[in-house]
Amino acid sequence: MSKPITGTPATSEPTTGRPLKQIHLAAHFPGVNNTTVWSDPRAGSHIEFSSFAHFARTAERAKFDFLFLAEGLRLREQGGQIYDLDVVGRPDTFTVLSALAAVTEHLGLTGTINSTFNEPYEVARQFAGLDHLSGGRAAWNVVTSWDAFTGENFRRGGFLPQDQRYSRAKEFLATATELFDSWHGDEIVADQESGIFLKDAQAGAFVHRGQHFDIAGQFNVPRSPQGRPVIFQAGDSDEGREFAASSADAIFSRHSTLGAGRAFYTDVKGRLARHGRTHDQLLILPAATFVLGDTDAEAQELAHEVRRQQVSGQTAIKYLEHVWNRDLSAYDPDGPLPDIDPDPGENTIARGRASVRMFRDPLAVAREWRERATAENLSIRELVIETTGRQSFIGSPATVAETINHFVQTDAADGFILVPHITPGGLDEFADTVVPLLQERGVFRHDYTGTTLRDHLGLPHPDARAEAETRRVAS
């Protein structure tokens, strides 16, 4: 894992002579996990609506593009018990976003909704409803679910292999798109004198026959302000990148260095042409944390303390168990790594954790970590701190503004989804100090110029009739 990004790059100007890119900024409201410092006295509730409202209003005050909510469909366990180090649980996504639509006017509202355990009709109806209620600010982060542990909460149970997950996700999104486009936008006449409400009695009619879904009827939500929600995707596998290139409006990225960010950017953007899409039809938006100080040195000290709060000794041991797949509670977090090898068995000690997928070869990971711990004289806790940090911007507001701009202007990203370590007030300082500096540079808006999230992101509003005809000809 790379070191936090600090210091001032030599230049933020593009090297191609092109105009300065406009930076996209969004805010992620995290749950209780080792990104947040929920025990900090400044931290508030992760479930009360006042926290969501404060966070959203701050993001809108800063003219951000959107607010993003992740979602977990089951509380995570370790050793068969729910623990308080990584609790993913909050009110239903649509409930929160619908409520936020009433206390914001411009901010996009992005929700993570699973394509493995839901149905296209209900999800399309919910997003179309949210888009209407918000005046065109809805976005859908399309994800799959990979484990039987989560599936136990649903009547189908079980899980799908990766190729089938993406196959279902592609058809799920295509089916939902057919439903969104079943209304073209001009069917409602509502002529009170003649008594005619619809000029087309077949409005909303659809038929879908496919491998995963076989449905027909009439979609009962008229075309919404955006036509259909903005589509986000977060997969980093080859299948995930291809899915995003073919169908998404934006893709989240976890790549933290300038070089890795540029490589990811080039790879994903390079896939667009074969799907008939142009370079500007897919945005690359990595998640990033930040720590601000009056000086770079002060920010570094604060960041060190934040990481110590995020990764307690208990957290470090629990995280190490994800790789070792053993009970390591007897080990000292300030001591060396275990001298025993991981148990690569199929029954994992940590259920519902993404790290189980990340560390597919635990023996290789253990070897790598031992070599690093020996070379850098790291304890268990220190190693976990070094290997679990996501991309971080650390420094004075001027340094952070310069660094963010450099990443965007040199095509390592189109913007960032910021994840503060304190909620709900952790975004306030960024809004008050970094955003004005980006505005001064001419790379971030002073005010919203459109009304929909597609407007904020520079994305076109889809033409239902034209795209339906394209699909008909292609089939």
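A salt bridge is defined here as a side-chain nitrogen of Lys or Arg within 4 Å of a carboxyl oxygen of Asp or Glu. The structure is a predicted model, in which local features need pLDDT of at least 70 and side-chain atom pairs count only at pLDDT 80 or more, while totals for chains, interfaces and linings use all residues. Residues are numbered from 1 along each chain as its sequence is written, and side-chain values use heavy atoms, with hydrogens and water left out.

In total, 23 salt bridges are present. One of them joins R441 to E402, with the closest N and O atoms 2.3 Å apart. Because R441 belongs to helix α14 (residues 428-441) and E402 to helix α13 (residues 397-409), this pair ties together parts that are 39 residues apart in sequence; helices are DSSP runs of H or I, at least four residues long, numbered from the N terminus. E402 counts as buried, at 8% relative accessibility, whereas R441 is partly exposed, with a relative accessible area of 34%. Buried denotes under 20% relative accessible area, exposed over 50%, and partly exposed in between (1.4 Å probe, protein chains only). A further salt bridge connects R209 with D214, and both of these residues are exposed.

Conventions:
Helices (H or I, at least four residues) and strands (E, at least two) are DSSP runs, numbered from the N terminus.
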